[in-house]
Amino acid sequence: MAFDWFKRKTQNITTSTEDKKDVPKGLWHQTPTGKIIEHEELKANNYVSPEDGFHVRIGSTEFFSILFDGNQYTELDANVESVDMLQFKDTKSYTDRLKEVKAKTKLTDSIRNAVGKVNDTEMVVSCMDFSFIGGSLGSVMGEKIRRAVDYCMEHKLPYMIICQSGGARMQEATYSLMQLAKVQSKLAQLSEAGLLYIAYLCDPTFGGITASFAMTADIIMAEPGALIGFAGPRVIRETIGKDLPEGFQTSEFLQEKGFVDFIVKRTEMKDKVSKTVNLLVHS
């Protein structure tokens with residue numbers, strides 16, 4: 001006896017192409033702990049999951065909207081772009097890499113400068129974009145920080161750098177490493193002028209960034225759970241031949257060791273920054 005369990009009795013249900021609706025990309029976000037949050041709710045909470053406090057990685061556009069009053073700011077030095085001065089090539093040319101990443105991110109390099117008011121306190125903020133070649137330090141980043149510092153000294157404004165980087169950009173070789181000395185010399189001038197410098201360290205902050213200006217600020221703040229270091233845990237473990245302490249290289253671990261002054265949630269970032277500036281500059 002045969003049973004027509006899988007016999008189709010009616011015609012297929014069809015939907016015209018114009019009536020089909022796709023789920024918008026980015027409507028939901030899943031954190032590493034498996035928590036699901038709607039994108040608009042995440043955005044309203046400064047891209048911090050209210051379920052578990054996870055800080056989703058964001059770029060300069062989002063950070064500027066969080067910091068500056070009414071999202072009103074003036075971008076500085078927007079026309080400074082990376083170029084392939086060494087004609088560097090690995091699996092593809094640096095020129096092609098730059099074209100691809102500029103088209104994909106709509107950015108000209110891994111850092112942007114802006115001036116605006118943070119709770120009515122005017123200041124200059126340089127923010128790295130990890131989406132642009134891992135937020136890597138190249139000649140443009142060094143030059144844009146130099147220009148930002150000069151702007152601060154000219155207008156007597158406090159300065160802040162939001163760090164998120166894998167370190168120096170290998171495609172620029174020594175030109176990249178030279179930026180460490182260049183930036184430090186400008187920050188020394190900023191200090192001599194009596195102007196405040198704040199560093200805000202995000203996940204990840206590594207390599208030459210950590211070895212230089214990320215750790216030489218007057219006030220060093222960091223996001224909760226951010227990974228901060230010079231070399232990665234695997235490299236260190238293999239070098240010393242020992243297991244690393246739990247939480248090694250997290251912002252909490254570095255605060256315990258005295259490298260970070262404050263752990264600042266992104267939801268509290270704006271108030272903490274403005275209060276710090278007002279306390280140290282305007283008091």
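How many of the eight residues of strand β5 are buried? Seven of the eight are buried, so that β5 is mostly covered, where buried means under 20% relative accessible area, exposed means over 50% and partly exposed lies in between, with a 1.4 Å probe and protein chains only. This is a predicted model, in which local features need pLDDT of at least 70 and side-chain atom pairs count only at pLDDT 80 or more, while totals for chains, interfaces and linings use all residues. Residues are numbered from 1 along each chain as its sequence is written, and side-chain values use heavy atoms, with hydrogens and water left out. Helices (H or I, at least four residues) and strands (E, at least two) are DSSP runs numbered from the N terminus.

**The sheet**

- Seven strands form an open sheet in the order β3-β4-β5-β6-β7-β8-β9, and their pairing is mixed; two strands count as paired if DSSP finds at least two bridges between them.
- The edges of this sheet are β3 and β9 (262-263), each of which pairs on one side only.
- Strands β3 and β4 run antiparallel and are joined by four bridges, and E75 has A114 in β4 as its bridge partner.
- Strands β4 and β5 pair in the antiparallel sense over eight bridges, with V118 standing opposite T121 in β5 and R112 having C127 in β5 as its bridge partner.
- These two strands, β4 and β5, form a hairpin with two residues between them, and N119 in the turn has a positive phi of about 50°.
- Strands β5 and β6 run parallel and are joined by four bridges; C127 has I162 in β6 as its bridge partner.
- Strand β4 is mostly covered, with seven of its eight residues buried.

- Helix α4 comprises the 17 residues 139-155, which at 1.5 Å a residue should span 24 Å, and its end C-alpha atoms are 24 Å apart, which agrees; the expected span is 1.5 Å times one less than the number of residues.
- The buried residues of α4 are S139, V140, M141, G142, E143, K144, I145, A148, V149, C152 and M153.
- What covers these buried residues includes β3 (73-76), β4 (111-118), β5 (121-128), β6 (159-165) and α5 (173-192), where contact means heavy atoms within 4.5 Å.
- Helix α4 lies across β3, β4, β5 and β6 and runs at about 25° to β4; axes are lines fitted to C-alpha atoms, for helices over the stretch in contact, and angles run from 0 to 180 degrees between N-to-C directions.
- Helix α8 (residues 269-281) also packs on the sheet, where it touches β4, β5, β6, β7 (197-205) and β8 (219-222), and its direction makes about 170° with that of β8.
- After α4 comes K156, which has a positive phi near 55°.

**The packing of α4 with α5**

- Two packed helices are described by the angle between their axes and the distance between the axes.
- Helices α4 and α5 pack at an angle of about 10°, with their axes 9 Å apart.
- The two helices α4 and α5 are therefore roughly parallel to each other, given that angles under 35 degrees count as roughly parallel, over 145 as roughly antiparallel, 65 to 115 as roughly perpendicular and the rest as oblique.
- On the α4 side the contact is made by S139, G142, E143, I145, R146, V149, D150, C152 and M153, and on the α5 side by Q179, K182, V183, K186, L187, Q189 and L190.
- By class, this contact of α4 with α5 has seven nonpolar, four polar and five charged residues; Ala, Val, Leu, Ile, Met, Phe, Trp, Tyr, Cys and Pro count as nonpolar, Asp, Glu, Lys and Arg as charged, and the others, Gly among them, as polar.

**Loops and backbone geometry**

- Residue S131 sits in the loop between β5 and α4, and leaving aside its neighbours within four places in sequence, S131 is in contact with V101, T105 and L107.
- Although S131 and T105 are 26 residues apart in sequence, they are 7.0 Å apart in space, C-alpha to C-alpha.
- Most residues other than glycine have a negative phi, and most peptide bonds are trans.
- Residue I133, in the loop between β5 and α4, has a positive phi of about 50° although it is not a glycine, and I133 is partly exposed, with a relative accessible area of 26%.
- Residue Y47, in the loop between α1 (39-44) and α2 (60-67), has a positive phi of about 60° although it is not a glycine, and Y47 counts as buried at 11% relative accessibility.
- The peptide bond joining D203 and P204 is cis, with omega about -5°, and P204 lies in strand β7.
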